[in-house]
Amino acid sequence: MQAEGFTFGFYDEPKPQELQGEQNKDPAPVPIESVSLGRMLKYIPSKLSYACVHGLPYKLVQRELWDVKMQLMENDSLESTPIELKLLDSANDLVPKVYEGGFKTWECSIDLCHEIKKLNILGRNLTRVLELGCGSALPILTCFQELYQRREPSTLIFQDYNIDVLRYITLPNLLLNWYFNTQEHDSSQEHGTINVSESLLQEFSDDFARNSITCEFLSGPWGSEMQSIIQQSYGDQYFSLILASETIYSISSLEPFIYMLLENTRNISLIAGKDLYFGVGGSVLEFYHRLQNVVSSADSLKTVKSSVNNVGRSIVYWERASAAESSTEPSSSRN
């Protein structure tokens with residue numbers, strides 16, 4: 001199978017640019033990796049350029065994409081594969097089994113941020129959060145802001161198919177949003193650059209430890225191998241809140257995705273997606289029906305419409321019935 005790039009074919013998307021070389025051979029399997037916050041920090045450059053996220057009623061920032069390109073081009077270690085750098089300059093949304101679109105911020109992630117604000121995560125004790133296919137990680141960062149402002153002990157797990165997305169987009173976005181919650185800055189600026197010193201990174205790491213905030217970064221495909229890693233650290237159905245956006249576009253990925261939801265959801269899962277993914281096969285309705293077939297009839301399962309303009313968007317809301325009956329915290333196998 002060739003790793004052909006494609007877009008989702010929406011009305012406002014540019015035509016894909018052809019990628020050379022790597023498309024003419026089968027991609028190597030993407031390894032599954034679990035990396036701690038401390039080990040990830042070595043990939044943070046000395047400067048980070050950021051922009052405010054538009055469409056939200058609160059301040060959330062993310063790293064500028066051109067800043068990622070500059071770091072990758074200057075990376076002498078060549079740990080980033082050439083195709084990922086090419087993809088940053090192309091119109092391809094994804095390349096199957098190679099790249100799953102994590103460098104791009106998707107509309108549904110903004111929808112999910114709005115829904116999280118309605119959820120009252122602090123009042124419902126939703127402090128153990130996993131985002132599947134996180135990419136820029138705006139939804140879980142929305143949770144982080146609320147949890148951090150109250151200094152609530154929490155577990156935040158960032159999962160994406162590509163380790164380079166976690167290194168160069170996800171982690172910098174976490175650092176940036178921590179920075180703007182703790183350091184003096186000009187809040188009126190929508191774009192800017194921060195200097196990242198070793199002392200700032202140490203303060204970042206120490207602050208998380210002091211406030212009992214556990215972070216972990218998982219990369220690779222969904223399935224039993226990834227689940228065994230989660231199982232070893234956290235056990236069954238540990239996460240009180242699971243988030244995902246734009247993860248249901250492919251029919252072939254629905255089974256492993258639903259497997260991850262069933263194995264890990266203790267309380268609530270929120271899955272945002274487009275009502276129909278033209279040319280790819282996925283849809284909110286298809287996902288909803290498949291999930292409905294495997295969850296308990298006593299569970300709460302519903303679809304919330306988030307946009308009806310052009311390509312419709314919705315959020316699937318699943319809450320386990322057992323969650324309302326139990327107020328005890330699950331025990332983690334991690335000391």
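**Close-up 1. The side chains of threonine 155 and tyrosine 238 form a polar contact at 3.1 Å.** A polar contact here is a pair of N or O atoms within 3.5 Å, where within protein one must be able to donate a hydrogen and the other to accept it, and residues adjacent in sequence count only if both atoms are side-chain atoms. This is a predicted model, in which local features need pLDDT of at least 70 and side-chain atom pairs count only at pLDDT 80 or more, while totals for chains, interfaces and linings use all residues. Residues are numbered from 1 along each chain as its sequence is written, and side-chain values use heavy atoms, with hydrogens and water left out.

**Close-up 2. Threonine 155 lies in strand E5, residues 154-160.** Strands (E, at least two residues) and helices (H or I, at least four) are DSSP runs numbered from the N terminus. Threonine 155 is buried, with a relative accessible area of 7% (buried means under 20%, with a 1.4 Å probe and protein chains only). Beyond neighbours within four places in sequence, the contacts of threonine 155 include Thr127, Arg128, Val129 and Thr214 (contact means heavy atoms within 4.5 Å).

**Close-up 3. Three strands make an open sheet in the order E3-E2-E6, with antiparallel pairing.** Strand E3 (61-63) and strand E6 (191-195) are at the edges with a single partner strand each, so one side of each has no neighbour in the sheet. Strands E2 (residues 47-52) and E3 are joined by 3 bridges (pairing requires at least two bridges found by DSSP), and cysteine 52 has valine 61 in E3 as its bridge partner.

How values were computed
Buried < 20%, exposed > 50% of the residue type's maximum accessible area, 1.4 Å probe, protein only.
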